[in-house]
Amino acid sequence: MTSRANAGIISHPRKLGPRSHAVQRARFFALTWLILAVFALLLARVAYAAPGESGAHPFDITGTDWEGAAEFVQLARHELGDARIMATERIDLTHLRPEDSLVLLHPEKTLDVGSLARFMRAGGRVILLDDYGRADALLRHFGMERVATPRHPADSVRNDPELPIAEPAGPHPVVAEVRRVVTNHPTGVKHPDLSPILKVRGQGEPDVLVAVAGAVGQGRLLVVGDPSIVMNSMLRYADNRGFARALVRYAGEDDTWGKRGGHVYIAAGDFAQDGAFGADDSLFTDLGGRLRGLEDALATVRHEGFPPWALYAVAVLVGLGVVIWVGANAGRIHRPLVPRFTRPIPLIAQGGVAGRAAMLSAPQTSRALAMLELKSALEEETCGLLHLDQVPAHDVLLEQLAEAKLLPPESIKELRQLLHRMAQVETLVLSRSASAMSKITDNDVMTAAQTIRSLLERARTRARTNMNGTSSREAEGSVLL
């Protein structure tokens, strides 16, 4: 007996109720969220470890590896002296003077275009070497645009089209002693009015300028579409070194309006920009800096993905979400749902007297319809007391009630007023005046119902009295006969 019972239990497993299904779903989603959290942590760990393995960033002004710019800084100090060269990772735009100059290599943050434009108009000089950095806003401000270099340059290193050789494009002092400048993945710079400096000749294609210069107020702007020209490994070419030396001399030489004995600031990569040049409104300056910071953050996410701290924050939020979700759903008891075919049918859907009463008493139904129902019931009841087949006009109905002595004169007057009021309500319903119909309240309906009940009760009492009197007289006549 015991073995059969156990066999029956094994062969007919117990069905899971709503609570068991909810617990299973909660466990499944909790496991899914936990896997996602672990995956996010692993990604954050990989992303966090990557920068440490890569070493110095390109164009680092202190970097001595092949893509650093330490040799360019040393060359500049040899040309102008240590006192004038300021290799920095932070430029205070507020303290710049018109006799100063800026040499910017591949900026990785959005430049303060307004400050740089005011600085140059006051007499300052800006030398920008950038190919794929964040200097687009400055270029657009002065009407320049980046263009692609020829796909088949006329001259290149080892016939590599990504290493084209640039040649002087005009009689500018920067290229006075230069013949062949080796570039590395450069971008062209297009502007119809600026002075051409370097160009890459195309083989069966138009030539493309990679360096231009022009005057901005009392200052100067020189743009080179390849910062790789001045990095350590590229300065081994004689003309590259000569071009770099000429750029430094151009940044520090005297101008037509006077001597330029100021500093030459050299900055590269993600250098910071503090304050603003020539700006009187500090609030506007702070707002501009915040907007540039937001733009840089969005651009960094777009190009490099989220930073490690953001991935860790997402992982922590995911973990908290798992804990909160499991705590809120794992122990929840779901209310059982009654099958639709066993649910009671609402009165309003049943039809008949009950359905009509439910419809008339619904909150959204106008109380004017209830008044019409009372009017119909009053007319039908009075016609029954008078033994009439059809409802006559109200005046005729009142006259017959008076002749039959079913209501006293004061009740006839009260009934006349009530019928007049109901006739007005019927007119409102036929005219579909929603605003007027909405003024009829539950209190009006209840008052009319009580009045009708009282009048009909009097009429029925008198009708029974009259009937009893008639029956008595008929009985007396039969006795006399």
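Is D274 buried, partly exposed or exposed? D274 is partly exposed, with a relative accessible area of 27%. Keep that residue in mind; the tour returns to it below. The model on screen is predicted.

**Whole chain**

Show everything as a cartoon. The chain has 481 residues, and 39% of them count as buried. Its secondary structure comes to 14 helices and 13 strands. The accessible surface is about 28700 Å², with 58% of it belonging to carbon and sulfur atoms. Consider the contacts next. Among those with a separation of 6 or more, 69% are between residues 24 or more positions apart.

**Stop 1: R90 and D274**

Select R90 and D274 and show side chains. The two side chains meet in a salt bridge, 3.0 Å from N to O. R90 lies in strand 2 (residues 90-92) and D274 in strand 13 (residues 272-274), so the pair ties together parts that are 184 residues apart in sequence. The chain's total is 22 salt bridges.

**Stop 2: D254 and K259**

Move to D254 and K259. Their side chains also form a salt bridge, at 3.5 Å from N to O. Color this pair by accessibility. D254 is partly exposed at 42% relative accessible area. K259 counts as exposed at 66%.

**Stop 3: R367 and D442**

Select R367 and D442. Here the closest N and O atoms of the salt bridge are 2.3 Å apart. Which elements does this pair tie together? R367 lies in helix 10 (residues 367-386), and D442 lies in helix 14 (residues 442-480). The pair therefore links parts that are 75 residues apart in sequence. R367 counts as buried because its relative accessibility is 15%, and buried means under 20%. D442 is partly exposed, with a relative accessible area of 44%.

**Stop 4: two histidines**

Turn to the backbone. Most residues other than glycine have a negative phi. Select H106. H106 is not a glycine, yet its phi is positive, about 45°. Look for H106 in the loop between strand 3 (101-105) and helix 4 (113-121). H106 is buried, with a relative accessible area of 15%.

Go on to H185. This residue has a positive phi too, about 50°, and is not a glycine. H185 sits in the loop between strand 7 (181-182) and strand 8 (188-190). How accessible is H185? H185 is partly exposed, at 39% relative accessible area.

**Stop 5**

Select residues 309-328. An unreviewed UniProt entry annotates this stretch as "transmembrane region". In the model, residues 309-328 are 100% helix and 0% strand. Draw a distance between the C-alpha atoms at the two ends of this stretch: they are 28 Å apart.

Now pick L317, which is found in helix 8 (residues 308-329). L317 is exposed, with a relative accessible area of 58%.

Definitions and conventions: Residues numbered from 1 in each chain as written. Predicted model: local features only at pLDDT ≥ 70, side-chain atom pairs only at ≥ 80, totals over all residues. Heavy atoms only, no water. Helix = DSSP H or I, 4+ residues; strand = E, 2+ residues; numbered from the N terminus. Buried < 20%, exposed > 50% of the residue type's maximum accessible area, 1.4 Å probe, protein only. UniProt positions renumbered as here; feature names shortened; annotations may be inferred. Contact = heavy atoms within 4.5 Å. Areas by Shrake-Rupley, 256 points an atom, 1.4 Å probe, with all protein chains shown as cover. Salt bridge = Lys/Arg side-chain N within 4 Å of Asp/Glu carboxyl O.
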